[in-house]
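Take a first look at this chain.

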Amino acid sequence: MTYAWLKAGHIIFVIFWMAGLFMLPRYFVYHQEAEPGSAEEARWIDREQKLLKIIMWPSLVVVWVLGLLLARYLGAFSQAWFHLKLTAVLGLTFYHVWLFGYARSLSRGMRRLSGRHLRMLNEVPGLAAAVIVILVVTKPFMG
């Protein structure tokens, strides 16, 4: 029963986290299209900060805690598929931190990327999610 609850919680918070990873770069596109110093820009800064503070950071923490508990419960630390999954999740975590840094830069008026580049960033979590789901479902390299 503990396993089922851990797994359910992990999946729920992965969904929340992934939603944020998809939304934030899109917010950046709209933010960058707003006039610098405008009320609209201030609203985008507020939205970005709320998304990070209320959804993304808490979800990231819960995903990691429950994921590591699940891995321990399953004995996954000795399995190659899990090492690949962990690598992909670490990549998404670094992506999350990079997005946070970009949000801070945007809030200070630094617009380093084009809207096109930001739209392309929306593909990162989708590709990572596909790899992670395939690894978890198929568990390759398990002899």
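A helix here is a DSSP run of H or I with at least four residues, and a strand is a run of E with at least two. By that count, the protein chain has five helices and zero strands. From the N terminus on, the order is α-α-α-α-α.

The model is predicted. Its mean pLDDT is 94, and 99% of the residues reach 70 or more. Confidence is highest in α2, at a mean of 97. It is lowest in helix α4, residues 115-121, at 89.

Now consider the overall dimensions. The C-alpha trace spans about 55 × 25 × 15 Å along its principal axes. The chain has 143 residues, and 37% of them are buried.

Turn next to α2, which covers residues 39-74. This helix has 36 residues. From its first C-alpha to its last it reaches 50 Å, close to the 52 Å expected at 1.5 Å a residue. Yet α2 is kinked by about 40°, with the kink centred on L52. After α2 comes G75, which has a positive phi near 70°.

What is the lining made of: nonpolar, polar or charged residues? It has 21 nonpolar residues, two polar and three charged.

How values were computed:
Residues numbered from 1 in each chain as written. Predicted model: local features only at pLDDT ≥ 70, side-chain atom pairs only at ≥ 80, totals over all residues. Heavy atoms only, no water. Expected span 1.5 Å × (residues − 1). Bend = angle between axes of the 7 residues up to and from the residue. Nonpolar A, V, L, I, M, F, W, Y, C, P; charged D, E, K, R; others polar. pLDDT = per-residue confidence, 0-100. Buried < 20%, exposed > 50% of the residue type's maximum accessible area, 1.4 Å probe, protein only.
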